[in-house]
Amino acid sequence: MKKTRQNSNALVRWFAATAALLLATAAQAQDFPKRPITMIVPFAAGGTSDVIARAVADQMGIALGQSIIIENVAGAGGSTALTRAARAEPDGYTIAIGNAGTNAATYTIYPKLAFTPDSFAPIAVVAKTFGIVALRKDFPAKDLKEFIDYAKRNPGKVNLGHAGVGSSNYLICKSFVHAAGVDVTLVGYRGAAPALTDAIGGQIDGVCDAAASVSQAIDDKLVKAVVVGSTVRLASLPELPTSAEAGLPEFEAQGWNGLFAPKGTPAEIIAKLNAAARSAVASEPVKKRFADLSTVAPDANELQPEVLQQLVTRDVAKYRTLLADDKK
């Protein structure tokens with residue numbers, strides 16, 4: 001009888017503790033956010049992820065009634081930043097922006113990471129991007145065919161910059177090299193902006209980059225683009241041929257950027273962040289900024305957290321094949 005009474009008392013205490021925890025979590029979610037939120041960007045300022053993050057963060061902050069502070073944490077193709085995000089308190093005050101590189105390809109390239117896909121709770125896809133191959137303005141090739149021919153005549157001598165192994169720009173490079181069948185040297189930087197700066201200065205032959213961060217340099221004729229890995233031409237770069245038009249339909253480089261929170265973040269807080277992301281991508285300032293960057297906002301049915309999770313699952317499998325030789 002005494003043992004039964006002890007078990008009963010333990011059960012009562014467990015229910016009480018669980019109820020208290022649920023009430024505390026509900027109160028936390030109801031008051032969220034009470035202070036500024038940090039959005040970790042896995043690359044240097046000025047690159048695609050950074051530009052998109054700042055545009056979205058401004059409008060999410062308005063929707064939430066709190067500012068969202070951008071923190072650039074570069075290194076190891078984004079895994080340094082994602083390690084920090086995964087270890088953050090799951091209270092909604094630390095989130096991260098990621099892409100197919102940082103949140104899918106990285107698991108093949110760096111198999112001993114401190115995080116896994118299950119370390120994160122998806123919030124929403126916030127942008128769809130398009131990869132471009134652009135060359136220094138004095139490179140001896142005027143179009144994609146001439147560039148591929150030149151690279152094949154000079155194996156290993158052409159170099160293309162990217163934002164670091166595992167970044168979305170690195171994946172653009174790998175997809176291009178695989179489709180074109182060329183032997184080029186891929187040069188990693190701590191972000192897209194430093195790579196583009198060196199291409200403009202002639203220190204490297206070109207870059208693999210997203211339209212979001214390279215389109216202005218193309219417009220200003222600081223670099224010359226030869227192809228966009230898209231099925232349709234970009235409105236902001238109407239003269240740039242698609243991969244099919246340029247004679248390389250196998251080159252596909254349509255990517256995404258999404259927001260993630262640490263695993264364990266309460267569903268109610270994820271819902272609030274998702275609602276703020278929806279408001280942001282539907283806002284006129286973000287629409288205008290995205291149009292300038294040749295970036296596309298997701299449709300309403302693409303904004304569910306489940307859609308982002310599906311993209312991660314799909315791309316983890318995709319890059320496990322494409323990057324089999326890149327394991328660290």
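Helices and strands here are DSSP runs, numbered from the N terminus. In this predicted model, the loop between α8 (211-219) and β8 (223-228) contains lysine 221. The phi of lysine 221 is near 60°, a positive value in a residue other than glycine. Most residues other than glycine have a negative phi, and most peptide bonds are trans. With a relative accessible area of 64%, lysine 221 is exposed.

Serine 294 also has a positive phi, near 55°, and is likewise not a glycine. This serine sits in the loop between α10 (284-292) and α11 (305-322). Is serine 294 buried or exposed? Its relative accessibility is 8%, so serine 294 counts as buried, the cut-off for that class being under 20%.

The peptide bond between phenylalanine 32 and proline 33 is cis, with omega at about -5°. Proline 33 belongs to the loop that runs between α1 (2-31) and β1 (37-41).

The model has one disulfide, counted as a pair of cysteine sulfur atoms within 2.5 Å. Its partners are cysteine 173 and cysteine 208, with an S to S distance of 2.1 Å. Which elements does the pair tie together? Cysteine 173 is in helix α6 (residues 168-180) and cysteine 208 is in strand β7 (residues 206-210), so the bond links parts that are 35 residues apart in sequence. The angle about the S-S bond is 100°, and the link between cysteine 173 and cysteine 208 is right-handed. Cysteine 173 and cysteine 208 are both buried.

Conventions
Residues are numbered from 1 along each chain as its sequence is written. This is a predicted model: local features need pLDDT of at least 70, side-chain atom pairs count only at pLDDT 80 or more; totals for chains, interfaces and linings use all residues. Side-chain values use heavy atoms; hydrogens and water are left out. Helices (H or I, at least four residues) and strands (E, at least two) are DSSP runs, numbered from the N terminus. Buried means under 20% relative accessible area, exposed over 50%, partly exposed in between (1.4 Å probe, protein chains only).
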